[in-house]
Amino acid sequence: MMKPTPRALYIELRRRFNGANNGDIFLSVRDAARALNVSKDTAHAAFRDLIARGFIRLTEGGHLGPSGIGKAAKWALEEEPTRDGKPATKSFMRWQAEKQNPVRISRTPRPEISDGDSVNGASGGSTVRDFRTLSANSAASLSG
């Protein structure tokens with residue numbers, strides 16, 4: 001299952017796709033962070049997640065242009081053929097979740113009896129009085 005931020009980023013990339021610009025979809029990490037209302041680090045992690053799962057591919061990295069003005073990264077959706085005629089790879093269909101290792105119990109086992117508890121009615125230092133077992137004289141002295 002994918003987290004909400006990568007899903008929203010995919011929708012944003014898909015929204016910028018016009019049918020003929022696959023491979024030339026411009027979206028920088030900063031613009032994605034603004035569009036999704038998240039931090040740059042969260043947007044960057046969402047890009048990494050989509051790449052790892054095979055939904056998008058970086059066709060040209062962001063860089064400074066010859067005039068010193070930054071150029072945003074170009075992206076391709078893996079489910080559509082690219083602008084230069086390359087067929088869709090659909091690599092997301094081959095993605096498999098990593099198998100998780102079972103959680104090992106590395107803590108000390110819980111003791112069966114804790115201090116101050118009684119087991120099966122045996123007195124073991126319990127501070128709670130059971131008034132049902134008091135004699136009539138003891139009960140009268142407590143109430144009066």
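Gly 62 lies in the loop that links strand S2 to strand S3 (63–64). In this predicted model, the residue has a relative accessibility of 54%. Exposed residues are those over 50%, so Gly 62 belongs with the exposed ones. Beyond its neighbours within four places in sequence, Gly 62 is in contact with Lys 71, Ala 72 and Ala 73. Val 29 is 33 residues away from Gly 62 along the chain, yet the two C-alpha atoms are 9.3 Å apart in space.

From this loop, the view can turn to the sheet. Three strands make up an open sheet, arranged in the order S1-S5-S2 with antiparallel pairing. S1 and S2 form the edges, and because each has a single partner strand, one side of each is left without a neighbour in the sheet. Strand S1 (residues 25–26) is joined to S5 by two bridges, and here Phe 26 is found opposite Lys 74 of S5. On the S2 side, four bridges connect strand S2 (residues 56–60) with S5, and Arg 57 is placed opposite Ala 76 of S5. Within S5, Lys 74 and Ala 76 point one way, while Trp 75 and Leu 77 point the other way. Residues on both sides of this strand are buried: Lys 74, Ala 76, Trp 75 and Leu 77.

Helix H1 packs on this sheet and touches S1, S2 and S5. The direction of H1 makes about 95° with that of S5.

H1 also meets two other helices. The axes of H1 and H2 come within 10 Å of each other and cross at roughly 105°. H1 is therefore roughly perpendicular to H2. On the H1 side, this contact is made by Thr 5, Ala 8, Leu 9 and Glu 12, and on the H2 side by Ala 32, Ala 35 and Leu 36.

Turning to H3, the axes of H1 and H3 come within 9 Å, with a crossing angle of roughly 80°. This pair, too, is therefore roughly perpendicular. H1 contributes Thr 5, Pro 6, Leu 9, Tyr 10 and Leu 13 to the contact, and H3 contributes Thr 42, Ala 43, Ala 46, Phe 47, Asp 49 and Leu 50. Eight of the residues in the contact of H1 with H3 are nonpolar, two are polar and one is charged.

In soluble globular proteins, nonpolar side chains tend to be buried together. The largest nonpolar core of the model has 18 residues. The residues with the most contacts inside this core are Leu 9, Leu 13, Leu 27, Phe 47, Ile 56, Trp 75 and Leu 77. At least two core residues come from each of helix H1 (4–16), helix H2 (29–36), helix H3 (40–53) and strand S5 (74–77). H3 gives the most, with four residues.

Key:
Residues numbered from 1 in each chain as written. Predicted model: local features only at pLDDT ≥ 70, side-chain atom pairs only at ≥ 80, totals over all residues. Heavy atoms only, no water. Core = buried A, V, L, I, M, F, W, Y, C linked by side-chain atoms within 4.5 Å. Buried < 20%, exposed > 50% of the residue type's maximum accessible area, 1.4 Å probe, protein only. Pairing = 2+ DSSP bridges. Contact = heavy atoms within 4.5 Å. Axes fitted to C-alpha atoms, helices over the stretch in contact; angles between N-to-C directions. Parallel < 35°, antiparallel > 145°, perpendicular 65-115°, else oblique. Nonpolar A, V, L, I, M, F, W, Y, C, P; charged D, E, K, R; others polar.
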